[in-house]
Amino acid sequence: MSSKVIKNMVNWIDENITNEPTLEKMADYIGYSHYYCSAQFHEVVGITFKQYVSERRLVHAFQEVKESNEKLLNIALKYGYSSQAAFTRAFVSNFGCTPNQCRKNTDNLCLVKGKEDWLEYHIAAVD
């Protein structure tokens, strides 16, 4: 599988992040079996499809928390969390602060810069 195909997978995930992206849907889009896509994605990106989707959901949600006044519950539901509490737990676990704390802080508080660098590293590895 070429790096271009992996990059297409990564782009497809970002384009479909609020539509409950699944490995099966992505594999159908790419045109390979979901078993093959899963193995190749993990080998090249370094984490599983599911882990990658979770990370990207959080980064997209973080950006929306910082850039909008949308209710946190609506953001949580938009990015696939069952509740605001589940969203907050994931946010704190990954970024070291609550979504509300993050929104109130005008600096880029939290550990997001490190998280973005980590994700960008994995995306760049595909190019």
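Analyst: Helices are DSSP runs of H or I with at least four residues, strands are E runs of at least two, and both are numbered from the N terminus. Glycine 31 comes after H2 and has a positive phi, near 100°.

The model is predicted, so its local features need pLDDT of at least 70, side-chain atom pairs count only at pLDDT 80 or more, and totals for chains, interfaces and linings use all residues. Residues are numbered from 1 along each chain as its sequence is written, and side-chain values use heavy atoms, with hydrogens and water left out.

The setting is quickly told. The protein has eight helices and zero strands. Its pattern along the sequence is α-α-α-α-α-α-α-α. It has 127 residues, and 42% of them count as buried (under 20% relative accessible area; exposed is over 50%, partly exposed in between; 1.4 Å probe, protein chains only). Of the contacts (heavy atoms within 4.5 Å) with a separation of 6 or more, 56% join residues 24 or more positions apart.

Now the faces of H2. Leu23, Met26, Ala27 and Ile30 are its buried residues. They fall within an arc of 100° down the axis (taken from the directions from the axis to the C-beta atoms), so they line one face of H2. An α-helix has 3.6 residues a turn, so residues three or four places apart point the same way. Asp28 and Tyr29 are exposed on the face turned away from the buried side. The cover over the buried residues of H2 includes H1, H3 and H4.

Glutamate 20 lies between H1 and H2 (23–30). It is not a glycine, yet its phi is positive, about 50°. Its relative accessible area is 57%, which makes glutamate 20 exposed.

Two of the covering helices also pack on each other. H1 spans residues 3–15 and H3 spans residues 34–45; their axes are 10 Å apart, at an angle of about 95°. H1 and H3 are therefore roughly perpendicular (65 to 115 degrees). H1 brings Ile6, Met9, Val10 and Ile13 to the contact. H3 brings Cys37, Gln40, Phe41, Val44 and Val45.

H4, the other named cover, leads on to H6. H4 covers residues 49–67 and packs on H6 at about 95°, with 11 Å between the axes. H4 and H6 are therefore roughly perpendicular too. On the H4 side the contact has Glu55, Leu58, Val59, Ala61, Phe62 and Val65. On the H6 side it has Phe87, Ala90, Phe91, Asn94 and Phe95.

What does H6 itself look like? It runs over residues 84–95. Just after H6 comes glycine 96, with a positive phi of about 80°.

To sum up, the buried residues of H2 line one face, with H1, H3 and H4 among its cover. H4 in turn meets H6.

Notes:
Axes fitted to C-alpha atoms, helices over the stretch in contact; angles between N-to-C directions. Parallel < 35°, antiparallel > 145°, perpendicular 65-115°, else oblique. Expected span 1.5 Å × (residues − 1).
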